[in-house]
Amino acid sequence: MSAYPADCEEELELHGVRLLIRPIRSTDLDEELRFVRGLSPESAYHRFFSPVHDISLQMAQKFTEVDYESSMAFIALAALPRAGSIVGVARYIAKPDPAQCEFAVTIADEWQHRGLGLALMQRLIAYARRRGFLLMEGSVMQDNAGMRGLGMRLGFTAHTDPEDPATVTLRLALGAKGAPNVSHATTPANATNATNLP
Ligand SMILES: CC(C)(COP(=O)(O)OP(=O)(O)OC[C@H]1O[C@@H](n2cnc3c(N)ncnc32)[C@H](O)[C@@H]1OP(=O)(O)O)[C@@H](O)C(=O)NCCC(=O)NCCS
């Protein structure tokens, strides 16, 4: 496990509200649980692919215990409704092919459409690139216009799997800056599902 990357801590002002963006820590467990439990049914469904209203303690521990190398998560913290409330999370985990990682991102409902998903994903992508990952991808539901739009904005390409028409894989090549996106790579059968990402 790498040391906590304190140099990734950053203040950000969005629509007049100051946020702290930083890597997640194991001590964020309670806040992570509150964050997931506070999601609307639609956001939870888009994130977890099922009508999840809660996550287990074990899952929350996985979400907060990242090693800052093969797994990483950036969180955004606001002063309201409580000091230090998590209002957004973007994470990746390495896939069986260690040059590839899978992402997931979730923004609290009241914070959506303010540019936070974009800000967190930009930082996650830059971090993954610095760590030497060559490809980032994620499964999203076909009807998830928000994530598909955000993915397009970030340069991801969308790939459908005829065997699973309900989901779309968003894929971004992380090689040299400006390199073309990978368009024909296949998804390994044992790929981690975004639902279980730590
Ligand atoms: C999808 C999600 C992460 C987007 O985050 P967000 O903070 O609301 O997005 P942003 O405000 O940063 O939007 C950035 C860009 O993404 C695109 N975008 C965002 N929401 C969109 C929507 N509903 N439709 C189309 N494009 C959209 C736009 O290009 C937008 O730029 P613009 O505002 O200048 O037009 C957020 O809605 C969310 O958490 N949804 C629930 C969980 C989820 O679906 N996660 C993805 C699966 S892992």
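How many residues does helix α4 have, and how far does α4 reach from its first C-alpha to its last? Helix α4 (residues 116-130) has 15 residues and reaches 21 Å, close to the 21 Å expected at 1.5 Å a residue. The expected span is 1.5 Å times one less than the number of residues. The model is a predicted one: local features need pLDDT of at least 70, side-chain atom pairs count only at pLDDT 80 or more, and totals for chains, interfaces and linings use all residues. Residues are numbered from 1 along each chain as its sequence is written.

The protein chain holds five helices and eight strands. These are DSSP runs, numbered from the N terminus: helices are H or I with at least four residues, strands are E with at least two. Their order from the N terminus is β-β-α-α-α-β-β-β-α-β-α-β-β. Of the 198 residues, 35% count as buried. A buried residue has 20 or more other C-beta atoms, placed from the backbone, within 10 Å of its own. Among contacts with a separation of 6 or more, 62% join residues 24 or more positions apart. Contact requires C-beta atoms, placed from the backbone, within 7 Å.

Buried residues of α4 include Leu116, Leu120, Leu124 and Ala128. After α4 comes Gly132, with a positive phi near 95°. In helix α3 (residues 57-64), Ala60, Phe63 and Thr64 are buried. They line one face of α3, because they fall within an arc of 90° seen down its axis. The arc is taken over directions from the helix axis to the C-beta atoms. Helix α1 (29-37) is part of what covers them.

The largest nonpolar core has 43 residues. Such a core is a set of buried Ala, Val, Leu, Ile, Met, Phe, Trp, Tyr and Cys residues joined through C-beta atoms within 7 Å. Ala90, Leu120, Leu124 and Met136 touch the most other members. Helix α4 gives the largest share of this core, seven residues. Leaving aside neighbours within four places in sequence, Leu124 contacts Met72, Phe74, Ala90, Tyr92 and Phe103.

Around the ligand lie 24 residues, of which His46, Gln112, Gly117, Leu118 and Gly149 come nearest. At least two residues of the shell come from each of α2 (41-48), β5 (100-107), α4, β6 (135-141) and α5 (145-154). Helix α5 gives the most, six residues.

Key
A residue is buried if 20 or more other C-beta atoms lie within 10 Å of its own, exposed if 12 or fewer, and partly exposed in between; C-beta atoms are placed from the backbone. Two residues are in contact if their C-beta atoms, placed from the backbone, lie within 7 Å. A residue is near a molecule or strand if its C-beta atom, placed from the backbone, lies within 6 Å of it.
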